[in-house]
Amino acid sequence: RGGAQGAANSSSDASEEKAGSVKETSSSGLNLSAAAFVPSSAKGKSSAAPRKDEKKQRQRKDGKVDKPPGLGRSKPKGGKAKESKQRNEGGRKSGNSRPPANGTAAADGVDVANISLNEASTSYPRYQSQMPRYSIDKVARTVPSNANILCVAEKPSLAQSIAIFLAGGKGNLRTRKSFQDVHEFEADFLGKRASYRVTSVIGHVYALDFKLPRHKSWDVDPSELFEAPTERTEANPKAHIAKHLRQEAKGSQYLLLWLDCDREGENICFEVIENALPQMRTQGIDFPVLRAKFSAITHQAIHTAMRGLTLPNENEAAAVDARQELDLKVGVTFTRFQTRYFQGKYSNLDASVISYGPCQTPTL
């Protein structure tokens, strides 16, 4: 048994030594060892590990083995034992840490109150806090006569269909050209006559990218991209969608959002609000921004959505902001990393870029 134990120890030590000495380098000179992606706060700690292993090996040869931490030691008494138990269970004394703000609690050691959102998310209007006092009847009571209403759909074909159903037929529309088509007509809005303008965006108004030019270069260390600052830019600058929304919103008293009823659509709602709301005339109107919820483009579905108008949800929009930043940073980081790693390793791999997408992984 002693011989087997010694052989097992020797084998384990040899494996550790071999694992510690392995360091791969690609043809491009990129360090592909595990240490390449170790955070800077953790670097410098691993250098002490070999000395600790050598000490253990000498102790085994001499027949001396250190006891595990805490073994054979007396337990703390009284209040100290209680404090120790609280620390082990994740509890903290109130004087040792700053209490989480806004009633949030720490989870798995992360203070969720200190997680910062990007600039877009922090500037979102807080519509959900108004929901307890919201009702469609309250909206109807404050609608002025001959109100001007701007409706925005997610794409031009949807805008035309919604306009036809709300106007009571294509013959009642007046369509003019701008950066996107604008359909105008008169129809009822919650019991009063109103003037409608129905137009659209073409998907997301903005896209997320790295803010600093150096982070857009392949020369930068991929691991640096996780903490790189980001910024929003127009997704399609040549279409002038932001300018179009600001232009069409002038003089409007209500903004009806006909974007797709999912998280992406909710995020686009707030991109539209950001451009349209500052241009509107909303004095004396409690709920100038309204969200239409629908699941089909039919006459019945559109009119049902008009009777059930609600408020947009900034929480769902912020969730998309988080997803966009994760997709950008994880996707670009690992695309650059694995492209450098695999180039030159396989003769039949002729791809110049080997893409990595976080959204592709669950699909595969």
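1. Start with Asn146. In this predicted model, Asn146 is exposed, because its relative accessible area is 57%. Asn146 sits in the loop that runs between α5 (136-141) and β3 (147-153). Its phi is near 55°, a positive value in a residue that is not glycine.

2. Leu190 lies in the loop between β5 (182-189) and β6 (192-200). With a relative accessible area of 27%, Leu190 is partly exposed. Please look at both loops in the viewer.

3. Next, the cysteines. How many disulfides does a search of the whole structure find? The search returns 0. Cys261 is in no disulfide, and the nearest cysteine sulfur, that of Cys269, is 8.1 Å away. Seen from Cys269, the closest cysteine sulfur is in Cys261, and 8.1 Å is too far for a bond, because a disulfide needs the two sulfur atoms within 2.5 Å.

4. Cys269 has a relative accessible area of 0%, so Cys269 is buried.

5. Now the helix pairs. Two packed helices are described by the angle between their axes and the distance between the axes. Take helix α7 (residues 241-249) and helix α8 (residues 263-276). Their axes come within 8 Å and cross at roughly 60°. That angle makes α7 oblique to α8. The crossing of α7 and α8 is right-handed.

6. Which residues of α7 meet α8? They are Ala242, Leu245, Arg246 and Ala249. On the α8 side, the partners are Val272, Asn275 and Ala276. The residues of this α7 and α8 contact divide into 5 nonpolar, 1 polar and 1 charged.

7. Helix α8 also packs on helix α10 (residues 314-342), at an angle of about 100° and with the axes 8 Å apart. The two helices are therefore roughly perpendicular to each other. From α8, the contact uses Arg263, Glu264, Glu266, Asn267 and Phe270. From α10, it uses Glu314, Glu316, Ala317, Ala319, Val320, Asp321, Arg323 and Gln324. The residues of the contact of α8 with α10 divide into 4 nonpolar, 2 polar and 7 charged.

8. Asn267 is in helix α8. Its relative accessible area is 1%, so Asn267 is buried. What does Asn267 touch, not counting residues up to four places away in sequence? The contacts are Tyr124, His204, Ala317, Val320, Asp321 and Gln324. Among them, Ala317, Val320, Asp321 and Gln324 are also α10 residues in the contact with α8.

9. Arg263 is also found in helix α8. Arg263 counts as exposed, because its relative accessibility is 52%. Leaving aside neighbours within four places in sequence, Arg263 is in contact with Glu316, Ala319 and Val320. How many residues apart in sequence are Arg263 and Glu316? The two are 53 residues apart in sequence, yet 5.5 Å apart in space, C-alpha to C-alpha.

10. Toward α7, the α8 residues in contact are Val272, Asn275 and Ala276.

Note on methods. Residues numbered from 1 in each chain as written. Predicted model: local features only at pLDDT ≥ 70, side-chain atom pairs only at ≥ 80, totals over all residues. Heavy atoms only, no water. Axes fitted to C-alpha atoms, helices over the stretch in contact; angles between N-to-C directions. Helix = DSSP H or I, 4+ residues; strand = E, 2+ residues; numbered from the N terminus. Parallel < 35°, antiparallel > 145°, perpendicular 65-115°, else oblique. Left-handed = near helix turned anticlockwise from the far one by under 90°. Contact = heavy atoms within 4.5 Å. Nonpolar A, V, L, I, M, F, W, Y, C, P; charged D, E, K, R; others polar. Buried < 20%, exposed > 50% of the residue type's maximum accessible area, 1.4 Å probe, protein only.
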